[in-house]
Amino acid sequence: MQFPLVSRSGRIRKLLMESKDSKISRLNLSGVPGGPHAFEQAAKFCYGVNIDISLANIATLRCAAHFLEMNEEYSEKNLESRTEAYLKDSILPSIPNSITVLHHCQNLIPISEDINLVNRIINGIANNACKEQLTSGLSKLEHNFPPKPAETEINSDWWGKSLALLNLDFFQRVLSAVKTKGLKQDIISRILINYAQNALVPVKGSTISDLDMQKKQRVTVETIVSLLPTQSRKSSVPIAFLSSLLKSTIAAGGSTSCRCDLERRIGLQLDQAILEDILIPVNPHGNNHSPLYDTDSVVRIFSMFLNLDEDDVDDDEEDNRRMRNDEGEMVYDFDSPGSPKQSSIIKVSKLLDNYLAEVALDSNLSPSKFTALSELLPDHARVVQDGLYRAVDIFLKVHPNMKDSERYRLCKTIDCQKLTQEACSHAAQNERLPVQMAVQVLYFEQIRLRNAMNGVGGHNQFFFGSINGPNRAGSGAGSGCISPRDNYASVRRENRELKLEVARMRMRLTDLEKDHVTMKQDLVRSHPANRLFKSFTKKLSKLNLLFRFKDGGSKANSESKLLFQKRRRHSVS
């Protein structure tokens, strides 16, 4: 073989041997990976021209060498062995280099899979990531202090950002490999967040108009959700990221299982959420009269939080409580007002009240759904119900045409005994509320006033006496411990304020009672049987007067004269 290309390439040699034309001058090599440029590089190598092997062409040259069968069987130090040596020395030991080469392998499918190049690079990334994590952990132990946040970012997952270059299939395989090898969940979470920011299209509104884009978005978000770390109350996945995934899932028409998974994850961390996290737009499906927000999803999220079992509490939290008990320190009762669970419920109640005030502005939201949201939390969740009252008042103002039965049921969700003085004053004058609630507010306000004047207890003792305890200050729900002197001064100040308002409240109550009497009188007058009885009574009285006039006319005249004389005499005297 006098031609170097023929001597080094087994494929070209076989094509020439199979050809019946001894003077063949053209061969069909259209299937060379990388196209003409890759074949040109291989031909230069065969003729002894020095070629530069780099990150940009190593994957192409390795696949071209396999296609052309340029291995050791036909020539020593052939192109296949040269590329293999470069992979082992410069690519596989480095995570960034491996990710770059893996990105180029996407355009070399299926031959890059056939020669096991993709799997080797993915396994190399996983092994190196875990080695790097182990080295970082050992360095912390040696120095006995944690590294700075910036150092953690550089030493742990600085390579994670470059994973955004990969397509979804390769990214999923890399993440599955590093999870199997034991990479920390917080690093995996940051990698997923970075990839989602680059792969998912920002949702404008609640739908995606392009069908192809919607399908791609749905597959991407469902894959990312499947790669999330294990669910727990102390998950490393930020709740803001989970909320954005849920919004993207709804906009892209994701599967029910994907939505339920995200709703459960958000429910587990609901005490860490802010209002923006639960304002989830609804997919209208072309309906212009649909509500703005998906309240059904929020109901499921809050129900998930309220139905948490003790099994959902992390083991380390249980161990911490057990250690505090062994050391004789204060141990929380899980359902006591000062316990961590009660503190979380109070945070969630404030979140729900803010959510109710926001969705109450939606004129398309039905009263039944708003009432269902208002009834979600248990009685002990809200220490003060001013937030709930404010939300209900907004809803009544935006929905003036509600039925009386719906209005009454909605207002029943408010416990008037848990309203502050300011809220009670507003409710007593609020014409949007049913009369029954206004009377109830005035009734409890008078009881509170009587107790305050008699020295039975202050405002907080009457309304919150059953839930205020010694641990209330620890949970952030009450006002903390105050001295008797401060308490007495507070009661006196409240008494002065209440005395100024008692007259107005009594007048209001009197007006309501008059309205009630007037309504009853109107009802009696409007009844048909009452009208018939009244007309019959009038006729009977006329007949009676007639008979009395005929029988005693003379006597009546004499008596009338005598009476007139007496009156006249009295007037003169």
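# Reading the terms in a predicted model

Of the 573 residues in this protein, 41% count as buried. The model is a predicted one.

Q: What makes Ser-112 a buried residue?
A: The relative accessible area of Ser-112 is 0%. Buried means under 20%, so Ser-112 is called buried. Its place is in helix H7, residues 111-114. Not counting residues up to four places away in sequence, Ser-112 touches Cys-63, Cys-105, Leu-117 and Val-118.

Q: Why is Val-49 called partly exposed?
A: Val-49 has a relative accessible area of 42%. Partly exposed lies between the limit for buried, under 20%, and the limit for exposed, over 50%; the value for Val-49 therefore places this residue in the partly exposed class. Val-49 is in the loop between helix H3 (35-46) and helix H4 (58-67). Together with Phe-3 and Tyr-47, Val-49 makes a nonpolar surface patch of about 320 Å².

Q: How do you know that Glu-40 forms a salt bridge with Lys-44?
A: The closest N and O atoms of Glu-40 and Lys-44 are 3.6 Å apart. A salt bridge requires a side-chain nitrogen of Lys or Arg within 4 Å of a carboxyl oxygen of Asp or Glu, so the pair qualifies. Because the two residues are four residues apart in helix H3, Glu-40 and Lys-44 are separated by about one helical turn. Glu-40 is partly exposed, at 39% relative accessible area, and Lys-44 is also partly exposed, at 32%.

Q: What makes the pair of Glu-84 and Arg-62 a link between distant parts of the chain?
A: Glu-84 forms a salt bridge with Arg-62, with the closest N and O atoms 2.7 Å apart. Glu-84 lies in helix H5 and Arg-62 in helix H4, 22 residues apart. Both Glu-84 and Arg-62 are buried. These two residues also belong to a network of salt bridges with Glu-80 and Arg-120. Helix H5 (residues 79-91) holds Thr-83 as well, and Thr-83 is buried, with a relative accessible area of 0%. Among the residues in contact with Thr-83 is Arg-62.

Q: How do you know that the span of helix H14 is close to the expected one?
A: Helix H14 (residues 256-268) has 13 residues and reaches 18 Å from its first C-alpha to its last. The expected value at 1.5 Å a residue is 18 Å. Cover for the buried residues of H14 includes helix H12 (211-226), helix H13 (239-252) and helix H16 (295-306).

Q: What makes Tyr-355 buried, and which residues does it touch?
A: Tyr-355 has a relative accessible area of 0%, so it counts as buried. Tyr-355 is in helix H18. Residues that Tyr-355 touches include Leu-275, Tyr-293, Val-298 and Leu-373.

Q: Which residues touch the most other members of the largest nonpolar core?
A: Leu-270, Phe-302 and Phe-370 do, in a core of 120 residues. Helix H18 (residues 340-359) gives the most to this core, with eight residues. Contacts of Phe-370 include Leu-356, Val-359 and Phe-395.

Terms used:
Residues numbered from 1 in each chain as written. Predicted model: local features only at pLDDT ≥ 70, side-chain atom pairs only at ≥ 80, totals over all residues. Heavy atoms only, no water. Core = buried A, V, L, I, M, F, W, Y, C linked by side-chain atoms within 4.5 Å. Buried < 20%, exposed > 50% of the residue type's maximum accessible area, 1.4 Å probe, protein only. Contact = heavy atoms within 4.5 Å. Patch = residues over 30% accessible without salt bridge, like charges linked within 9 Å, V, L, I, M, F, W, Y side chains within 5 Å. Areas by Shrake-Rupley, 256 points an atom, 1.4 Å probe, with all protein chains shown as cover. Expected span 1.5 Å × (residues − 1).
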